Amino acid sequence: ASEGKDGASAAENTPPQVPQGKQGEQSSAFYSAGQFFFEYLVVVSLKKMPDGRYEPKITYQFPKRENLLKGQKEEEERLLQAIPLFCFPDGNNWAPITEFTSETFSFVLTNVDGSRKIGYCRRLLPSGRGVRLPEVFCIISCLGCFGLFSKILDEVEKRRQISMAVIYPFMQGLRESPFPAPGKTVTIKSFIPESGTELIELTRPVDAHLEHVEFQALLQRLSPHLILHIFASAMLERRLIFLAEELSVLSQCIHAVAALLYPFTWAHTYIPVVPECLLDTVCCPAPFMVGIQMRHLERVLEQPMEEALIVDLCEGKIIRAVGDEEEILPGKLQNEMLISLNRHNNNNNEHSSEQVNTLVSEAFVQFFVRLVGHYGSHIKWGRSGSGSFQERAFCKAIASRSCRRLVKKFVKTNMFSLFIEEAEKSRIPQEGNG
């Protein structure tokens, strides 16, 4: 696809297929049905220190793990040490309050082996009179499904306003239920004093790769033009910093940007909400995608960082850019995606959140189809069954100069390399070559 005649290549209608394995959030393991909904529920409360400041500490953990091997115990301790930091990433500037609007956000912890755990958080003010401190209920799971866990946290919050004791049986029932397959529903029975037994239905969206995404959040805050500049920067694995005050806005928008890359996966530092004590992450020379609260903007700009794209989600503008964002994507493909995004923007009220997710994702998947959808016919298969990707021939097969220019950069990215590594192992049958 190019400015002149934007026909991509022979395999234009063959979508890139997602090899299973290292594709992180797109892997079959990540989404497989039948596993536990969650690993832990922890409550993080603010405890007063001798110097008068408040520090987040875990005050409740379910389930308690026993009989762990030494390696497992060390990993669990590391996990439990990190959680409070991400539940209260805005530092220690807290004081008892009488009113607070509950907020839902998520964070991602990456293990040494590259696997990810997601923390789904609900920050709320316990019921009571007088001044009190907010607390965070955090569910740790390796399953990415923001909508589903938000509903679970609604139930947790409802029970918290009655008593902590009512939360335990609900979470126990959830833990004993298998995680439903895409499009399926699981029903959990839960008893609440004075209300009796309730049936709670939890349904997964049909399209598993979109269940952790809310594209609407991005469309409401940024123009289609800016979204494409961000997408182009992410595609070339640059450094991206997103700014907003609300934790929910940061986590929703960053998950949405990462999802635009499907069927490829962001494989570098990925912190939807950076805790205050880790702000020097922005000095990292490697690629990263991070969210930072607006109150820390000055500190961020003072850091000695390399080129980065800094996006203000509150004002819907770019604060700092590399300068070539407009030229990265081939002209005609960029215009087609702009038309598509503008159409969804104008129909915001007509389409459900799930419909918007599907329509937006389709536009970006089609972009990759037209750009690199012919990759399968450039994998040379040996007798042993292992494949070898012919990068030079693959790039040469692209007729459009502007597309070829982008693809030559894209093939050098980590996300493309991981994708091809899996494709070389998986031998997905391609149309025309069996």
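In this predicted model, Leu-240 has Leu-309 of strand β11 as its bridge partner. Strands β8 (residues 239–244) and β11 (residues 309–312) pair in the parallel sense over four bridges; strands (E, at least two residues) and helices (H or I, at least four) are DSSP runs numbered from the N terminus, and two strands pair if DSSP finds at least two bridges between them. Both strands belong to an open sheet of five strands with mixed pairing, in the order β9-β10-β8-β11-β12. Its edge strands, β9 (269–271) and β12 (317–320), each pair on one side only. Helix α7 (residues 247–259) packs on the sheet and touches β8, β9 and β10 (288–293), where contact means heavy atoms within 4.5 Å.

Thr-104 lies in strand β3 (residues 103–110). Thr-104 counts as buried because its relative accessibility is 18%, the category being under 20% relative accessible area, against over 50% for exposed and in between for partly exposed (1.4 Å probe, protein chains only). Beyond neighbours within four places in sequence, Thr-104 is in contact with residues including Cys-121, Phe-146 and Ser-248.

The mean pLDDT (the predictor's confidence in each residue, from 0 to 100) is 83, and 87% of residues reach 70 or more. Among the elements, strand β8 has the highest mean value (96) and helix α1 (residues 28–31) the lowest (35).

Residues are numbered from 1 along each chain as its sequence is written, and side-chain values use heavy atoms, without hydrogens and water. Local features need pLDDT of at least 70 and side-chain atom pairs count only at 80 or more, whereas totals for chains, interfaces and linings use all residues.

Methods:
Axes fitted to C-alpha atoms, helices over the stretch in contact; angles between N-to-C directions.
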